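Please examine the sequence and the three-dimensional structure shown below before reading on.

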Amino acid sequence: MEYEHRPVMLEEVLDGLRVRPGGVYLDCTVGGAGHLRAIAERARPGRVIGLDRDPAAVAAARERLVGLEATVVQADFRRLREVLDGLGIEAVDGVLFDLGVSSHQLDTPGRGFSYREDGPLDMRMDPGQGVTAADLVNGLPREQLARIIREFGEERWADRIAAAVCRSRPVSTTGELTGVILGALPARARGGPRHPARRTFQALRVAVNGELDGLAEALEAAVESTRRGGRICVVAYHSLEDRIVKGTLRHLATDCLCPPQLPVCMCGGGRARLRLVSRLTPLPAEREENPRSRSARLRVAERLVLGVAEGE
Ligand SMILES: C[S@@+](CC[C@H](N)C(=O)[O-])C[C@H]1O[C@@H](n2cnc3c(N)ncnc32)[C@H](O)[C@@H]1O
């Protein structure tokens, strides 16, 4: 299948990163390189590095970046420092995280991410990794499955859905799972503009890929790997992810790292490694044109060194 290239909030990301000719930029979630190609073109004669844990994304990105000064590596972004070290790169001028799944992953039924089309219950971003959605759906005790659906999907009907799944085991395709979810929900929960299976599918995807594990540490490693004055842009699509992004960036932008119960600052202050620049959502035209952009939130921050802004 052709890789679809509709990078979310592209202009806002390019502005946020302040891409300049000759700069070095790291895209931790390269996908089909929609963002990274535009960054690489602006950064000429600079250099770009793209990471993705999905080998299909890596192949597509490499193809899309032919002729540009680009290196694409199959790696989890939690290993970003190791990858940069391997390439001999000490620091970069900007880092992008465009979190979650790509349109390509969602639209390929064989990957098992879609509740709209039938396919195997897989959902692994890296098909070389062990656990599939079918393993969770068919193997977990009911309470554990309900907890995943409740916590990672913020689904109020998690208990009913988990009970129905357990009664229907084995469930092996996305179509079967969607049918079980629809059967478990009361009629009033089946209406509305969003698909009733959306939350459960999100929950399983987050659990299969450990999407929230190590995100804070990866953001911190990205900040540490950015030069003074460089920018970090993070696009998040659901509130669980965005909460971690917001909390981590805020923490790194805090001057005083003393425990809150101390009456006076003992750490000397001036410890902030970031300045928060902006929080943006897509313009109405983009939301209209690309429904997948609707839940996007872009946060932009700037690297400081020991509380000192660029030019000070
Ligand atoms: C929303 S898509 C990125 C789309 C890309 N910005 C574009 O313009 O084509 C997110 C990508 O991040 C990858 N991804 C998600 N979590 C990852 C992780 N921990 N490490 C590396 N890649 C990850 C997914 O495989 C997916 O290809």
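This report describes a predicted model, beginning with the ligand and continuing with salt bridges and the surface.

## The ligand and its surroundings

The ligand is surrounded by 22 residues, and the closest of these are H35, D52, F77, D98 and Q105. Sorted by class, this shell has nine nonpolar, eight polar and five charged residues.

In the side chain of D52, an N or O atom is 2.7 Å from an oxygen atom of the ligand. A nitrogen atom of the ligand lies 2.8 Å from a polar side-chain atom of D98. R53 takes part through its backbone, where an N or O atom lies 3.2 Å from a nitrogen atom of the ligand. Taken alone, the ligand exposes 600 Å², and the protein buries 94% of that area.

## Salt bridges

Side chains of opposite charge can pair when their charged atoms come close. In this model the count comes to 25 salt bridges. One of them joins the side chains of D159 and R150, with an N to O distance of 3.0 Å. D159 counts as partly exposed because its relative accessibility is 45%, and R150 is likewise partly exposed, at 38%.

Which parts of the chain does the pair E224 and R303 tie together? The closest N and O atoms of this salt bridge are 3.5 Å apart. E224 lies in helix 12 (residues 215-224) and R303 in strand 7 (residues 297-303), so the pair ties together parts that are 79 residues apart in sequence. E224 is partly exposed, with a relative accessible area of 39%, whereas R303 is buried, at 9%.

## A salt-bridge network

R275 and E302 also form a salt bridge, in which the closest N and O atoms are 3.1 Å apart. This pair links distant parts of the chain, since R275 is in strand 6 and E302 in strand 7, 27 residues apart. R275 is partly exposed, with a relative accessible area of 36%, while E302 is buried, at 3%. Through salt bridges that share partners, R18, R231, R275 and E302 are joined into one network.

## The surface and the start of the chain

L262, V264 and M266 make a nonpolar surface patch of about 300 Å². V264 is placed in the loop between helix 13 (239-252) and strand 6 (274-280). V264 counts as exposed because its relative accessibility is 54%, and the cut-off for this class is over 50%.

P7 lies in the segment before helix 1 (10-17). With a relative accessible area of 22%, P7 is partly exposed. P7 and R188 are 181 residues apart in sequence, and their C-alpha atoms are 35 Å apart in space.

Technical notes
Residues numbered from 1 in each chain as written. Predicted model: local features only at pLDDT ≥ 70, side-chain atom pairs only at ≥ 80, totals over all residues. Heavy atoms only, no water. Near = heavy atom within 4 Å. Polar contact = N/O pair within 3.5 Å; in protein donor to acceptor, adjacent residues only side chain to side chain. Areas by Shrake-Rupley, 256 points an atom, 1.4 Å probe, with all protein chains shown as cover. Nonpolar A, V, L, I, M, F, W, Y, C, P; charged D, E, K, R; others polar. Patch = residues over 30% accessible without salt bridge, like charges linked within 9 Å, V, L, I, M, F, W, Y side chains within 5 Å. Salt bridge = Lys/Arg side-chain N within 4 Å of Asp/Glu carboxyl O. Helix = DSSP H or I, 4+ residues; strand = E, 2+ residues; numbered from the N terminus. Buried < 20%, exposed > 50% of the residue type's maximum accessible area, 1.4 Å probe, protein only.
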